[in-house]
Structure formats: structure tokens, C-alpha cells
Amino acid sequence: MRSAVSFFPLTAAKKAPQSKDAPKQAAKEAPKESPPKEASAEPPKEAPPEEPSPTAEAPTGVFLKKPDTVSVETGEGTWGAQEVSGGQGPGAPWVKTGVRRWALGMVKRPGGAVTCTHTPGPGPQVYTVELHIGKVVLGDRGDYRLEVKTKNACDSCGFNIDVEAPRQDASGQSLETFKRSGEGKSDNAGELDFSGLLKKREVVEEEKKKKKKKDDDDLGIPPEIWELLKGAKKSEYEKIAFQYGITDLRGMLKRLKKAKVEVKKSAAFTKKLDPAYQVDKGNKIKLVVEISDPDLPLKWFKNGQEIKPSSKYVFENVGKKRILTINKCTLADDAAYEVAVKDEKCFTELFVREPPILIITPLEDQQVFVGDRVEMAVEVSEEGAQVMWIHKLVIDDVRPEDEGDYTFVPDGYALSLSAKLNFLEIKVEYVPKQEPPKIHLDCSGKTSDNSIVVVAGNKLRMDVSITGEPPPVATWFKEDEVFSATEGRVHIEKWTDTSSFVIESAERADEGRYTIKVTNPVGEDVASIFLRVVDVPDPPEAVRVTSVGEDWAILVWEPPKYDGGQPLTGYLLERKKKGSQRWMKLNFEVFTETTYESTKMIEGILYEMRVFAVNAIGVSQPSMNTKPFMPIAPTSEPQHLMVEDVTDTTTTLKWRPPDKIGAGGIDGYLVEYCLEGSDEWIPANTEPVERCGFTVKNLPTGAKILFRVVGVNIAGRSEPATLTQPVTIREIVEQPKIRLPRHLRQTYLRKVGEKLNLLIPFQGKPRPHVVWKKNGAPLDTSRVHVRTSDTDTVLFVREAARSDSGEYELNVEIENMKDTATIHIRVVEKAGPPENVMVKEVWGTNALVTWQPPRDDGNSEITGYFIQKADKKTMEWYNVHEHNRHTSCTVSDLIVGNEYYFRIYSENFCGLSDSPGVSKNTARILKTGLTFKPFEYKEHDFRTAPKFLTPLIDRVVVAGYAAALNCAVRGHPKPKVVWMKNKMEIREDPKFLMTNHQGVLTLNIRRPSPFDAGTYSCLAVNELGEALAECRLEVRGELPG
């Protein structure tokens, strides 16, 4: 079997990187110098002995001789040799530099070559490993490590290569300048070529100055280190300087500042692929990049060929991450990969490592009988591989000449295993083999033997191995019934040495005991398996809200009847507003109790809640939603509780509503009382009362009792309002007193036929005795009705008559105390007509009329008389005087030559009398001998043509609001007025109203609209001429909808 040899070159003054970032750092540290001058063909000269490198180790383990630290000048070659031992020689060694793997036959790199060889050593099983580096550059300096792996051992050692600049003489010139003439001769042959030195003197001086300037700029730092510094963060400068031995930090920072390197960021990638990845054969690996925009198209390539999704190559999108998963990596997957987003690409390499081959089972010695079949086997595998190969040597019909030693040699490996075959010759008679049936049952259940647990919905396959000769027959039973179906969701599959019971999708009904029975002629065997089907639990039951508060609610539920075959781990709860479809989780960790207080709700909003049950299998379906509920807080306590009245058995309380009622409102109040010295509060009312007052009855006389009142709404009871002192239940004697209303303190007038209703309040305790009298005699109960309560009395007459007038006396008595009130009531009606109406005297155009008061004044004072006159010819009555308080009246301005009658109406509180008193005689106005001669004069001509005194003015009005156009015109005879709109006469249109009040003309427009805008004209015309007035009307806006 092969062994592996590996070299790992490290960066200067630093061990081999062990972290996952090592490939990246190594890639950055790859040397980029130009090829140095041609090195001497001679073997490199070793530097003087130095102190051992910290990586050098004593020759132990596989190594017989370990390499020493080597110091070499730039441009020369170096080599290192090691001697190793082992049962088998090492194979082709290889070196890992950064992320690339080179087989060290001959590896080209800028400036020279690296050669690694191994040859047999001086002794048996001893090998020499050599490393040759031609034309050493500064990038080759650093620590190296050699790893050697054999079948039974693994060892490593380290050494250091120090690269120096070329040595110079005292004058600063390289010793290489002094060459002897002649080629192919030794160093002592030939003469020194001074002419060449002299010719190059000026050139050397100039190059020396350029080199000094370049050294000053470079500070002796290799270009690859400058590239590393340019790409590093400022916080890493000091760390890198320490790693690479840079002492002039100020000069380094000064040059970096001048460089002003601007790192160009990728527009498509926020995180690119690593420079390289490594994976063991048979394992899987993920390549991850992050892109700036998740909508950008992305493609993966392998060796330039686009990769398509398959079972081997799986593409994943997680946010902005794009992941390529390569399953079961083989050596064919060792390739270059790239990912492209638009015009940008990033690259990486994947190295698949083939694990070393190990022998799992070696060959064993065998002893066989003649004629028997012999089988020899050896088992080998790859470390980390998923498959195994078994190498067998089978010899059928063994013969004596087959006896001997047998050796197993894997192809391509220097490894062998030996086994010996011995021959025994025995004669045996053949007997047919018979074996009773046997069931080999291997249950994976964890609860008990022969028990299997399956999750509902999953596929179950019970493969039972059976043996026996001749082959037995298997029969399956579910409980006590034979099961023989070979198709369907549940079926049986039979094979030569196996019987399988298959359930494609397990259900709860599949749970039970299954029995397999195998029989053959030799015997039988029976085995039982209990199948347990587990599932998510049923939803919780009886989910309900038991109480609510201002912003909380108590939710209670019952556990589900079926727990799914697994213990419940808890519950998950959700709630939402009624009418919404968005459920909000109330807990993220399972809740183990069956009572939950939900908080942070909004008062006055309807909510619904539901519960999920959880077990080890999963989460149940949701429970039924709770009935909609509203978080509501009880009201605050009622205010200003006080005692209004106390009797021997009752107490009357009154109070004011609570300060804070809330969204739930208030349904009413409950009154409770407690006897002094007791803690038991007794409800005074079972149903809430809505008004802020209540009389507590049936109280023990003389007891001291505390009272309290609570407000009640949908959220429950409020805090109680309690009296500060107990109340003694005892009647308090109070002197009677009548509180006569103000309007009854003077004569109370009512008309005949009207209702007579007197309400007179009084006070006094205990309840007083009330007595009514009229004119000192008891009331006539057939006409007058009296109703008396604890606090007032009412006297009522349905239709008042004049006989109901009189003096009413009200007496209120309590024991020896009394209070009296007198009420004067007068029922009135219209008076009769005046009597003896007559014309007493006539002079000129005047007449004196007298009369006497009416016999019946209607039980009311006569307030005046109403006088009318009538011409005897027409007998049309005209008013002369009203409210005349005397019984005589002088009527003036009578017409000469006419004869007049007069009539008089009497007036009182009820109005004018129904009939008048008419004069028995008449007043005749006689003509005299005087004649009237009118004055002669010339009549003035008042006629004028129409003329507008006030013209129409332009108006701007708002649509929908009434508008009026006004102007004034003068003319005689009265002119005819015509209104026009846009030169068209406005006729009978209900929208327009035209008025003319003594020459003031008005056009009213009802709810004008933009259509009503225009030029309005008013034309006045009479027989003498005409006049015209115009204005402009503008209507803004639209009519309101």
C-alpha cells in the first residue's frame, strides 16, 4: 500500500496556516518577482552553521535524519535531504503551496524549478527524500514542513530556508564581477578580466545609484508583500509588518500613502468565492457567494461548461446568498469553478482528496475437507468512503494439490497479505440438511422489545429475516385475523429469506399487534410486533374566556381527548381582532398550563382567540375560536353616597354616577348593607337599578347599619362606595309644614269647564294626617277628588263650575303639631250684556251713548266695554271704542244726514260677553243751512317719462345662494316694468320673483346656477317714454350636491 509524502512551504517567520483562510493568504503571498540573474551551475554553498530552527525536531519516529536550516543567496540553488524508514517505501511526494497542488516531478515557477525525488536509502526499508530549488528568489524563504504517511505511522518535520542578497566586497561590488578569463575552467584557472570591470565601472556606478534609490523606495520589501499590504486593511499593517520582519514602519506607511491604492469593489458580488476549496472523496461541499441584488441572474460553470441542476448539483437561494452544493464528490469533481453575474465573474478551484486505503479484514488461515468449497476473503476500504470492496479467492472442489500458501497483493501497492490452506481428507456421507424455521427479528423501537413506533403519514416497512430448511412459509396476522393482501396501501412482500410488511402511509387505525408465523416440515416459529402509530394531537377543547379586564382576558381550555400517542409538551396560542384574518402569536415557547392571561389588548375592541396543542410529533389543528369578547374595565366607584331619608324600617340612599365609566358603559347599581359588628354584606336588590337612588326596606328598627353601592357593567362590579358612619334605623319626628306654591298664595282663577288640579307639597315625620275643607265644611267627594302621599296632596276637579269657587283650607297634622294653609279659588265665565243702552244726546256730528253694567258679571270683575256703531241704512257695524271702562261714551265724526244705532259688549277675565246690549233709540245727524263753495285753481300736470333714479349694478354671486337685483324708477303715469335676460323677456318662471314697491324694483333669483349668469335688463315704459337699466351677473362655483 502506498504512503504519502507532503511538503508545506510557509511564509517567512510564520508557521503553516491552519485556519480556513490559509489558502487565501498563501495565494496572496505567491511570489511575483522578475527572474533573478543566472545562478552558478555549482551546487549551492551552505551557510555557516546557525542555531537550530525552532521548527527543527530531533530524529524520532519515521525520520532517521531530519533536514537542517539552509541559508542561500538570491539566484543560487538549494536542496534538502531527509532519510525516512518504514515497512513500505513512500510514494510520489507532493508539495502544497497556497491552494495549488503540484506533483514534484519537475514544477515550473517564475525564476526556476522545484524538484522533489525519493530514492532507496543505504539500508533496507530506508528511503531518501530530496528537495531541489533552482534559482532561489526572496519569495522562497520561510519555513517548510515534510509529512510522511505509511500504513501504520504518520510523521512530520520542519526546516527553514533563508534567502539572502548577493554578497559584496568592501567596495560594495559583487564578487561575481571578478571573473577569470576562460570558460569551463576551475575558479583558479585563467586571469582576472579587469578590462571588463573598467568598462562597466561607469555603468555600475549609475546602476548602483538607481538601485539605491529603488531600495529606498522599496525599503527592501519584496513586491508580493507590497501587493499584500495594498489589499489589506490599515488595522492589519502592523501585524503584516511583524510577520514579514519589516522594521521601517514609518517608511512603509509613507510609501503606502503615496500609492493611494483604491480597491475597486465589485458591483455584483458582495462576497466572492474563496480562492480554493478542499473536500474528501465521497463527501459533499458547498460553494457560497453573496450578490448585491437578489434579482440578478447567476450561472455556475465547471471547467468553462455551465452546470445544470441535478441530484448531484443542487442550487440554493437564501436571501442574497447563492449556494452550489456538490454531493458525493469524486475525483472528476476536482476542477476549476466559476460563477458569473452579468459581466462579472469570480473563480475558485476544488481539490478532491482521495483517502488512503486501509485493510479492514485481513486474510485468515483456512482448513477444508476434500471436495468442499473454500472461500478466502480480504476487505479493504477508503477512509471516509461510502462503499467497500471485498476481494475473495474462491476454490471449488478442493483437491490435495490446492494445499499451500496464498498471498493477496493489491494492484499498484507494495503490500501483501498471506494465508495458508491445509488439506484434510475425510469421508462423509451426504445427509439432506434440515433446519427448523427461525425468525430473526430486529426491532428499532425504543419503548420495549418487539415494538415499533411510526409517525402517522410516514411509510413503514418491516423486513423480517427468516431461515430454515426447507424454506419456511410465512403468514402475517393483525391481532387475530390473517392478513394476506399483496397490493394496496397495506400489503405483504415475500422474498426467499425475507418477509416484509409494508404500510405506505401509516394511519391511526393501523396501530395494533402484528404476528408473523413461519412453518416448515421440521417445525414453526412465531414472533409478535406491536405497532404504535403516533400523530399530532387533536385540537384543545372547550376553549373559552372566563373573565376580562381593561386590557386583559383570562383564557381557559381543556386538553385534547387524543394526545397523538405522545405526551403533550404544551400549547401555542393566537388571537385576532374580530373580522380580521391576521392571527397574532401570543407565545413562541410552548405554554404548559391550561389557563392563560392575554394582555396588551385595546379596550372596546372585539377579539377572538384559539389554541394549538403540541407534542413531540408536531402541532395540532387549531381549536374552535372563542366567542368574540371585548376587554372592558369595571367602572370607578359611585360618587357622593349619602342618606336621604330614614324611617323605622327603611333607609333611602342617593349618589352620583362614577367619574370613570369606560367603553362598557354602566348597567346599573347594586346596594348592599351590613349590620354593625358583622362582616357579611347583604344585597338589598338583586337586579341593578338604573337611577342614582334606592330605598332599602325591611330593616330592623333601631339597628346600626352600614351601606355601600357598587356600579355594574359587562366587566363586573366596580369598587364600592361606602358610608363612613353607620345609620341608625329609627323614625325622626319632623314638624309638619305646608310648602304652598307661589301661584296659590293669591286668588286662583279658573274658567268654567276647565280642570282644577292643585298639587301642594308638605313635609313632616312620621307621615302627617291631611284634611281638606271648603268654606269650613268638608269637601263634596262627588265633585272633588283628593290624593295624598307621604310628601304631597292633590285636589282635583275634572270640570270646574262656578259653585267650586270658595275658600279651601288644608290642614296637615302630626300628633299635636299642625300646619294650615288657605287657598282662594274663583271659577269665572263670560259676563252678561250691558243693560239700558240708549243715545242720551246728539250735537253736531257727535252723539252721547250711556248704559248700565250687566246683571251677571260672570263671577269676575268687568274690565271694560266694547262699543260699535252702524248706519241705519246699511246696518254694517264698525268699531268705535275698545276697553272703555266707563258706562258712557261720546261717539264723534258721524256723517251728517245719517242715522246710527249703537251696541255695547261687556268684557271680563273670560273675554267679551256673548251678546251685546243694543241702543233702543238712534242718533240722527241733521243737515244745516251752510253751503260749501270750493276754491277754483288750475290743476298741476304731474306726468313724467320713466327715469331710473338708482341703476342696476354688476353682481358676482355664489352658486346655490339666493341673489337679488335692485333698481329704482320714477314716472307718471306708473310705468310698466319688463325684466329681460340676455335681451329675452323673463316671463312666468318660478325661479324668478319680480316686485315693485313704490318704484323700487327687485328681481329675486332663487338658487342661481352658472347657467343663470348673463346680462340682465330692466325696461320701464309709459305713455311719455321708456328707460332701460342693465347689469352683468356672474355666478361662481357649482350647485352643492
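Lys302 stands opposite Gln305 of strand S16. The model is predicted, with local features requiring pLDDT of at least 70 and side-chain atom pairs pLDDT 80 or more, while totals for chains, interfaces and linings use all residues. Residues are numbered from 1 along each chain as its sequence is written, and side-chain values use heavy atoms, leaving out hydrogens and water.

Strand S15 (residues 299-302) and S16 run antiparallel and are joined by 2 bridges. Strands here are DSSP runs (E, at least two residues), numbered from the N terminus, and two of them pair if DSSP finds at least two bridges between them. The open sheet has 5 strands in the order S13-S20-S19-S15-S16, with mixed pairing. Its edges are strand S13 (276-280) and strand S16 (305-306), each of which pairs on one side only.

Trp300 is found in strand S15. Trp300 counts as buried because its relative accessibility is 2% (buried means under 20% relative accessible area, exposed over 50%, partly exposed in between; 1.4 Å probe, protein chains only). Beyond its neighbours within four places in sequence, Trp300 is in contact (heavy atoms within 4.5 Å) with residues including Leu273, Gln305, Phe315, Leu324 and Val339. The C-alpha atoms of Trp300 and Phe315 are 9.3 Å apart, and the two residues are 15 apart in sequence.

Turning to a loop, Ser805 lies between strand S57 (792-797) and strand S58 (806-814). Ser805 counts as buried because its relative accessibility is 16%. The side chain of Ser805 reaches the backbone nitrogen of Val827 at 2.5 Å. Not counting residues up to four places away in sequence, Ser805 touches Lys774, Asn775, Ile825, Arg826, Val827 and Asn859.

Note on methods: Helix = DSSP H or I, 4+ residues; strand = E, 2+ residues; numbered from the N terminus. Polar contact = N/O pair within 3.5 Å; in protein donor to acceptor, adjacent residues only side chain to side chain.
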